[in-house]
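User: I have a model open here. Can you walk me through it?

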Amino acid sequence: MNTGPSAPTELPAAVTAAQLADLLRRVAARDSAAFATLYKQTRAKLYGVVARILTRGDLSGEVLQEVFVRIWEKAGDYDVDRGSPIAWMATIARNRALDEIRRVRPVSLEDMPEGFEPAAEDVDPLAARDRSERLTALLECLKGLDEEKREAVLLAYYRGFSREALARRLGRPVPTIKTWLRRGLAQLRDCLSS
């Protein structure tokens with residue numbers, strides 16, 4: 001069974017930034033030979049970027065494939081005035097690896113730590129009371145957030161909105177949404193711990 005590319009072992013001959021920029025320009029024009037050369041010249045570096053973020057080698061190989069698909073699709077977006085070609089490609093690799101980490105994956109019972117017990121079907125009245133008290137505390141802490149931040153936190157963590165969807169809905173840039181969520185959660189954590 002093929003689980004994607006393994007970690008590259010051979011190192012390509014040194015290639016200059018100008019040569020990489022030319023390869024990207026040709027890839028943008030859908031030159032598959034240029035893409036093959038670009039892959040050979042950069043796969044070890046990009047695999048290293050991905051593997052430092054992800055812990056599973058098979059997953060790193062899959063993500064590396066996706067990185068090169070994005071490079072193929074986005075090569076026309078590369079701007080030589082905004083940075084080196086390898087930095088541009090490494091950013092794509094880093095962002096894709098981070099996206100993979102953020103992705104919520106269902107966990108099977110076999111992957112759970114030893115001693116894990118699934119929740120009982122019977123309702124424990126003391127546990128229900130504890131949950132009710134924690135919910136009341138959370139609702140009180142939510143009142144301490146600014147209205148927009150509260151809405152962003154609730155939509156993200158209760159309704160499952162992505163940052164991009166929140167940015168569209170609230171008419172704010174994605175970095176602002178990220179900051180609101182980070183600060184909102186920190187404020188809630190502080191409130192709940194006091």
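Analyst: Start with pLDDT, the predictor's confidence in each residue, from 0 to 100. Helices (H or I, at least four residues) and strands (E, at least two) are DSSP runs, numbered from the N terminus. This is a predicted model, where local features need pLDDT of at least 70, side-chain atom pairs count only at pLDDT 80 or more, and totals for chains, interfaces and linings use all residues. Residues are numbered from 1 along each chain as its sequence is written, and side-chain values use heavy atoms, with hydrogens and water left out.

User: Where is confidence highest, and where lowest, among the helices?

Analyst: Helix α1 (residues 17-28) is highest, at a mean of 93. Helix α5 (residues 125-143) is lowest, at 77. The protein averages 81, and 79% of the residues score at least 70.

User: What about residues 1-11?

Analyst: There the pLDDT is below 50. The stretch has 13 contacts (heavy atoms within 4.5 Å) beyond near neighbours in sequence. Where pLDDT is low, the predicted coordinates should not be read in detail.

User: How many helices and strands are there?

Analyst: Eight helices and zero strands. Of the contacts with a separation of 6 or more, 61% are between residues 24 or more positions apart.

User: What share of the residues is buried?

Analyst: 27% of the 194 residues. Buried means under 20% relative accessible area, exposed over 50%, partly exposed in between (1.4 Å probe, protein chains only).

User: Switching to aromatics. How many pairs?

Analyst: Four. Rings of Phe, Tyr and Trp (its six-membered ring) pair if their centres lie within 6.5 Å; planes under 30 degrees apart count as stacked, over 60 as edge-to-face and the rest as tilted. Take Phe35 and Phe68: their ring centres are 6.2 Å apart and the planes sit at 80°, so this pair is edge-to-face. It links distant parts of the chain, with Phe35 in helix α2 (residues 32-53) and Phe68 in helix α3 (residues 57-74), 33 residues apart.

User: Why does the pair of Tyr39 and Phe68 count as edge-to-face?

Analyst: Because its planes are at 65°, with ring centres 4.7 Å apart. This pair also joins α2 to α3, across 29 residues.

User: Now pockets. What volume has the largest one?

Analyst: About 490 Å³. On a 1 Å grid over the protein atoms alone, a cavity is a set of points where a 1.4 Å probe fits but cannot get out, and a pocket is an open set with protein on both sides within 12 Å along at least five of seven lines; lining residues have an atom within 4 Å of a point. Grid points are joined across faces, edges and corners, and a volume is the space filled by probe spheres set on the points.

User: Which residues lie nearest its centre?

Analyst: Asp99, Arg102, Arg163, Glu164 and Lys178, out of 17 lining residues. Helix α4 gives the most, with five.

User: And the second largest pocket, what lines it by class?

Analyst: Ten nonpolar residues, no polar and no charged. Ala, Val, Leu, Ile, Met, Phe, Trp, Tyr, Cys and Pro count as nonpolar, Asp, Glu, Lys and Arg as charged, and the others, Gly among them, as polar. The lining includes Leu135, Val153 and Tyr157. Its largest share, four residues, comes from α5. The volume is about 160 Å³.
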